[in-house]
Amino acid sequence: MKSYIFLLFAICFEVVATSTLPKTEEFTKWKPTLVFFALFFSALYFLTKAIRTIPLGIAYAIWSGIGIVLISFAGYFFYKQKLDLPAVIGIIFIIIGVLIINLFSKTAGH
């Protein structure tokens, strides 16, 4: 269970880091760039702690799936990036995939 908390921290740091990416203006603004790298480093640190007991592929599937969903929301609310129906349907499939892995896979290391 502790590994899933580490994974949650990793996902949160990654989502916040990725949300700051546009502010870096292609890494030409040094303050947002430093914030981005510090947050992303923190995300990777917590991911390494999570994969002590969660298989790498499972951890990465959860990380990327939840990250995509959260980043899509962040883009919508903070950057006014609209999602069309196919994008929303795809995101729903991603959520379903993450749920299937966590609820039914014996590989998930519960």
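Which residues does Ser72 touch, not counting residues up to four places away in sequence?

## Model and core

This is a predicted model. Its largest nonpolar core has 16 residues. Leu7, Ile11, Leu47, Ile54, Ile62 and Trp63 have the most contacts inside this core. The largest share comes from α1, with six residues.

Ala10 is placed in helix α1. Its relative accessibility is 0%, so Ala10 counts as buried. Leaving out residues up to four places away in sequence, Ala10 touches Ala43, Phe46, Leu47 and Trp63. Ala10 and Trp63 are 53 residues apart along the chain, and their C-alpha atoms are separated by 7.7 Å.

## Helix α3 and Ser72

Helix α3 covers residues 56-78. At 1.5 Å a residue, its 23 residues should span 33 Å, and the end C-alpha atoms are 31 Å apart, which agrees. The buried residues of α3 are Ile58, Ala59, Ile62, Trp63, Gly65, Gly67, Val69, Ser72, Ala74 and Gly75. They pack against α1, α2 and α4.

Ser72 lies in α3 and touches Leu83 and Ile91, again not counting residues up to four places away in sequence. Why does Ser72 count as buried? Buried means under 20% relative accessible area, and Ser72 has 17% relative accessibility, so Ser72 falls in that class. After α3 comes Lys80, with a positive phi near 55°.

## Helix α2

For α2, the 21 residues should span 30 Å at 1.5 Å a residue; the end C-alpha atoms are 30 Å apart, in agreement. Thr33, Phe36, Leu39, Ala43, Phe46, Leu47, Lys49 and Ala50 are the buried residues of α2. What covers these buried residues includes α1 and α3.

## The loop between α1 and α2

Glu26 is placed in the loop between α1 and α2, and Phe27 lies in this loop as well. Most residues other than glycine have a negative phi. Glu26, however, has a positive phi near 60°, and the phi of Phe27 is positive too, near 65°.

Is Glu26 buried or exposed? Glu26 has 73% relative accessibility and so counts as exposed.

Helix α4 takes in residues 85-104. A nonpolar patch on the surface is formed by Leu83, Leu85, Val88, Ile89, Ile92, Phe93, Ile95, Ile96, Leu99, Ile100, Leu103 and Phe104. Together these residues have about 1100 Å² of accessible area.

Ile92, one of the patch residues, lies in α4. With a relative accessible area of 42%, Ile92 is partly exposed.

Methods
Residues numbered from 1 in each chain as written. Predicted model: local features only at pLDDT ≥ 70, side-chain atom pairs only at ≥ 80, totals over all residues. Heavy atoms only, no water. Patch = residues over 30% accessible without salt bridge, like charges linked within 9 Å, V, L, I, M, F, W, Y side chains within 5 Å. Areas by Shrake-Rupley, 256 points an atom, 1.4 Å probe, with all protein chains shown as cover. Salt bridge = Lys/Arg side-chain N within 4 Å of Asp/Glu carboxyl O. Helix = DSSP H or I, 4+ residues; strand = E, 2+ residues; numbered from the N terminus. Buried < 20%, exposed > 50% of the residue type's maximum accessible area, 1.4 Å probe, protein only. Contact = heavy atoms within 4.5 Å. Core = buried A, V, L, I, M, F, W, Y, C linked by side-chain atoms within 4.5 Å. Expected span 1.5 Å × (residues − 1).
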